[in-house]
Amino acid sequence: MRYGIIGTGAIGGYYGGKLAHAGKEVHFLLHRDFEFVKQHGFQVDSCDGSFHLDNPNVYQSVGDMPKCDVVLVGLKSVNNHLLPQLLTPLLHPQTLVVLIQNGIGLEEDLQAQLPGVAIAAGLAFICSAKTEPGRVDHQCYGSINIGNYSCKDERLVQQVVDDFLAAGVETHLVEYYEARWKKAVWNMPFNGMTVALDTQTNLLLDFPDTEQLIFEQMMEVIGAAQHLGVKNIDLEFAHKMIATTKVMTPYSPSMKLDFDFHRPMEIYYLYSRPIEVARNAGFSMPKLEMLEAQLKFLQAHSQK
């Protein structure tokens, strides 16, 4: 299968790099570091084994890329308004688009923009960053779950899972809504709290008061998900997420890096949209609503 990568950053660069390193045909869209990667290749420094792609297929324009069987989208969701023009040249009638992004409502909105296109969610559990041209720093974890949103060809979705497994990436096929809300249980507390308190994940859990606040925020997400009918998400899942994070490498989540580098934060799909979805269903998340307001304030004043 032929893969296209839209958004060759910490996420797209890592997963696309793993597929390419395993011998899959992968085509990368690059922006700022196109010339660097064209000359020097692409480096993945990884806790699971580093590797270098000497001559990756790289492009500055989607118009120069071939049509692909699977397109992995690693763009920040603040750029999702660009997806119709970025994706359309890469699509044939059976192309599967996998959104490896954080938040709630992403697939629904893309489907409205591109009716008939097969879409799946990619839920990445990874600590990874890209802070210099042509280099991804993969610190720990690295698994990805695939949740089918609208693809009628289940064999194609399974083939993506199999290709990731063959590339050495732990991958599972999961139920879409459950997977999205489970990911939000971690994302909503930790992304915003590291920004609001200018810290890392480990320090939030080293201090009893902030650990308790993280737990309470997780329970708001779990309560919303349960209210919406999502299965297999409960108190024990919150405890599991906290325990997993405690043994994780000290980490600055993607929103913290975006804030530190003066980039727009993904507030809408990570906070505003799930809060709105829950509220419309009759459930409120007051602690996360407060965090959303703080993030909007910080965003507005960081851009002045």
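Predicted model: local features only at pLDDT ≥ 70, side-chain atom pairs only at ≥ 80, totals over all residues.
Residues are counted from 1 along each chain as its sequence is written, and local features need pLDDT of at least 70, side-chain atom pairs count only at pLDDT 80 or more, and totals for chains, interfaces and linings use all residues. Side-chain values use heavy atoms, with hydrogens and water left out.

Begin by selecting residues 286–302, which form helix 12 (helices are DSSP runs of H or I with at least four residues, and strands are runs of E with at least two, numbered from the N terminus). From its first C-alpha to its last, this 17-residue helix reaches 24 Å, close to the 24 Å expected at 1.5 Å a residue, where the expected span is 1.5 Å times one less than the number of residues.

Within helix 12, select L288, L291, E292, L295 and Q299, which are buried (under 20% relative accessible area, while exposed means over 50%, with a 1.4 Å probe and protein chains only). Looking down the axis, the buried residues of helix 12 fall within an arc of 105 degrees, so they line one face of the helix; the arc is taken from the directions from the helix axis to the C-beta atoms. On the other side of helix 12, M290 and F297 are exposed.

Next, go to T95, in the loop between helix 3 (83–87) and strand 7 (96–99); T95 is buried, with a relative accessible area of 2%. A polar atom of the T95 side chain lies 2.7 Å from the backbone oxygen of C68, and the T95 side chain also reaches the backbone nitrogen of H92 at 2.8 Å.

Notes: Polar contact = N/O pair within 3.5 Å; in protein donor to acceptor, adjacent residues only side chain to side chain.
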